[in-house]
Amino acid sequence: MGKIVSASVQKEAAEVIVNSISELDGVEAEIVERTNGTHPRNTVVANSSPESWRSLAEKLYSEHAVDHCSMITGIHWPERDEDRKWEVVYHLIRTGVRDPPSEDGVVQPIIVNPSTVRGFGTPVEIEIHVDIADSMTPSVDSVQDIWIGADWNEKETWDLVGIDFDGHEGMRRVLLPHETPRGYHPLQKQHNLRYHGFEEMYDDAQGFMRKPDDVGKIK
Amino acid sequence: MAEMWISMGPQHPMTHGLWTLKVKVDGETVVDTEPDLGYIHRGVEKICEARDFTQITTYCDRLCYASANTWSHSYIYAAEDLLEVEVPERAEYIRLIAIEIQRIASHLMWLGAYGPDIGNLSIMVWCLREREMMMDLLQELGGSRMHYNFPRIGGVKRDLPYGFAQRARAKLKLFLNRIQEYEALYDESTIFLVRSQGVGYAKPEEMVNHGVTGPNLRAGGVNYDVRWAHPYSVYSELDWSAPVERSSIKGADCYDRYRVRIEEMRVSASLALQALDKIPGGADTHYEPEDPMILAKAPSRAPEGTSGAHHFEDSRGESMFYIAGGGEGRGKQPYRVSIRSPIFITIPFAAKCMIGYKVADIPAIMGSFDPCIGETDR
Amino acid sequence: MTEDGQNYSVFNSRMLVDVVGDVTDEALKASRMKDVIGVLAGRVFNWGQRKSLFPLHLGIKCCALEMAAAGASRFDAERFGVFFRSSPRQCDVLLVNGPVSKKFADPIVRLWEQMPEPKWCIAMGECAISGGPYFQSYNVLEGVDTVIPVDVYIPGCPPRPEALIDGFDKLRQKIIRIGVDVDDVRPDSDAPIIIGDE
């Protein structure tokens, strides 16, 4: 049958990482079993303080071969306590990808057999939550030089949510227009969508009771 | 020499979508590039905070419109992780059939659009002819030619129609023959070989550090695939292996990326055929919608503090949804939906790959990475 | 013309053309032939315009794939004279097939202004008509007709390729109603023309 990485192998690899990063100050890690009913995936979920984030990232990159930064999410929690109003969630993956070796000038592709991966070749998902205290310009250390995939993710997080990244070179608007006013970050909770709380549309979906002003209007 | 910035602006027949690529050229050689995205930024992440969990599926179809099924399933798996729902096995098989046929259709669209970039205009109508065949199959399953809104939290919206298995087998077998026609058209064309080989090298470790996954990575000679690395659905029950290309010492070039997608179409077709044979309950039985064989009951509220995350193998790479629960309506709406688009991360990397080549190589390199701007701009 | 002391006259072709043109114009106006020729020429131009509508190669979002499918072999649009051109200076029709974001509002108006008269605009799909499913978004305009005058609206999300071809047919029916005078591209009143409403 088809081969997949077994859950127990992933659990062992995840345990190695959890034990290693729990040694850092300000980092608490555990294994969470994420599942959608068919296969459990043992994920490393860690909580880190903003000060220890940089050393945690360097440790993961150098000691545990975490080579892929998947996504960086910024969340604004206005109802939480003072020291947890902003949150950055990092999703990292250890893919176990190596450059294929070449013999006599011909490159041999690396075909990984998923049922026999062990140790540092095991793919592991890692999720890190960093809680940031409330301020007008929340910020966290940038990891742009460790994983280049984090570059545009950080730009997008600053663009839409407003969380700044210390040490990030070339921060600019990527999704919103370049002329957007400084300080406008739409995914913060104080900005509402258009027609927020506008119930009239649903009460009269077909417009039977539309006001006479709309007759003859083109739009 | 005189250097100048050329803007390949939003409206451009080559760019496969609406974005600007500013290119700094020194004569004919590309010296620097700067991509400019955001022309169709619709704020989907913000809109999803005001929608119920079942309403978000329609938005996810429209993220990458060339492969709509893969994106709505990517969201559904994350929502099922959040709401802790178990999906019946027959529904997983039906989803797999829909996803793999959609992957074929997406790669066909890429193949058809890549030809005109290189100069081969006839391949466009040939590939669209096959894509119509795949879209007919998906229309039987989902109800519309694009944007099917097919999966539901806990299963699928309806079962395989009567006679679907027969038609799907016939069409997929015909398609497996037709792939040879495309290979013949491309591989026997000297112009295509000269324009795509030796152009746009990228090495796997560099690609992974930049965040590039999927067929672009597998063209470099490593078979990392989310379907076996972070397993989901019933891929473990079927016999398949992720296609890999032998690259050169300098890395994967455009020709390798083209070949890996041709092989992926073959693998997807074989997966769909196997799933039709192995589906529990048989491919010819038809259960009514909301039968527990194809749809499990799912809660509609996610309490605060819960979260769901899922990595998914999309036609262009690894896509991911992260959903934080506990939003409006006492948890009926999510607090934050965050979407990872593979092409958003691949485009700066592809722009870097172009440096050092000629202006005429820009369409070849950009097209070979398969950009689809709908998912980039969310 | 003739100068004193010279025994030749200078008469260049430019002046000859002007003189002949003026004389002919007066003659045609007097005998009412000019109106007849105007009507005939107008009808010929009108036939040429509506039988060969060249849309712009602009693909914004999902409806662009249905536009591509309409141009492919199953729903061949080229048999109706519809041929996609890459440069706005060579096009008649601007087919807007997706939501117009605030960043793209300026380029789309510039594309519209670059197109030479007579030109028409077709709004294809819900996003171009009214913002579509993204009507609440902070970055999407509520319909392209907030910045460009639209002639034909094609609803659907996405509209089938047959619907797009039918939309071109509605545009042709609208063009055929344009008056015989070639300058009269838009009728006087502001009310939209609803085909089939007479």
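**View 1. Helix 3 of chain B lies across strand 6 and strand 7 of chain B.** The helix runs at about 150 degrees to strand 6 of chain B. Axes are lines fitted to C-alpha atoms, for helices over the stretch in contact, and angles run from 0 to 180 degrees between N-to-C directions. Helices (H or I, at least four residues) and strands (E, at least two) are DSSP runs, numbered from the N terminus. The model is predicted: local features need pLDDT of at least 70, side-chain atom pairs count only at pLDDT 80 or more, and totals for chains, interfaces and linings use all residues. Residues are numbered from 1 along each chain as its sequence is written, while chains are lettered from A and ligands numbered from 1 in the order in which they are written.

**View 2. Three strands of chain B form an open sheet in the order 6-7-8.** Pairing in this sheet is antiparallel. Two strands pair if DSSP finds at least two bridges between them. Strand 6 and strand 8 of chain B are the edge strands, each pairing on one side only. On average, neighbouring strands are turned by 10 degrees against each other, direction ignored. Strand 6 and strand 7 of chain B are joined by eight bridges. Across from B:Ala309 stands B:Tyr322, in strand 7 of chain B.

**View 3. Chain B meets chain A.** Here 58 residues of chain B are in contact with 47 residues of chain A. Contact means that the C-beta atoms of two residues, placed from the backbone, lie within 7 Å. Elements of chain B that each supply at least two residues to this side include helix 3 (68-83), strand 6 (307-314), strand 7 (317-324) and strand 8 (336-340). Helix 8 of chain B gives the most, with five residues. This side of chain B has 27 nonpolar, 16 polar and 15 charged residues. Ala, Val, Leu, Ile, Met, Phe, Trp, Tyr, Cys and Pro count as nonpolar, Asp, Glu, Lys and Arg as charged, and the others, Gly among them, as polar.

**View 4. Chain C touches chain B.** The contact involves 30 residues of chain C and 27 residues of chain B. On the chain C side, helix 3 (63-71) and helix 4 (102-114) each supply at least two residues. Helix 4 of chain C gives the most, with four residues. By class, this side of chain C has 17 nonpolar, nine polar and four charged residues.

**View 5. Chain C has six helices and three strands.** From the N terminus on, its elements run α-α-α-β-α-β-α-β-α.
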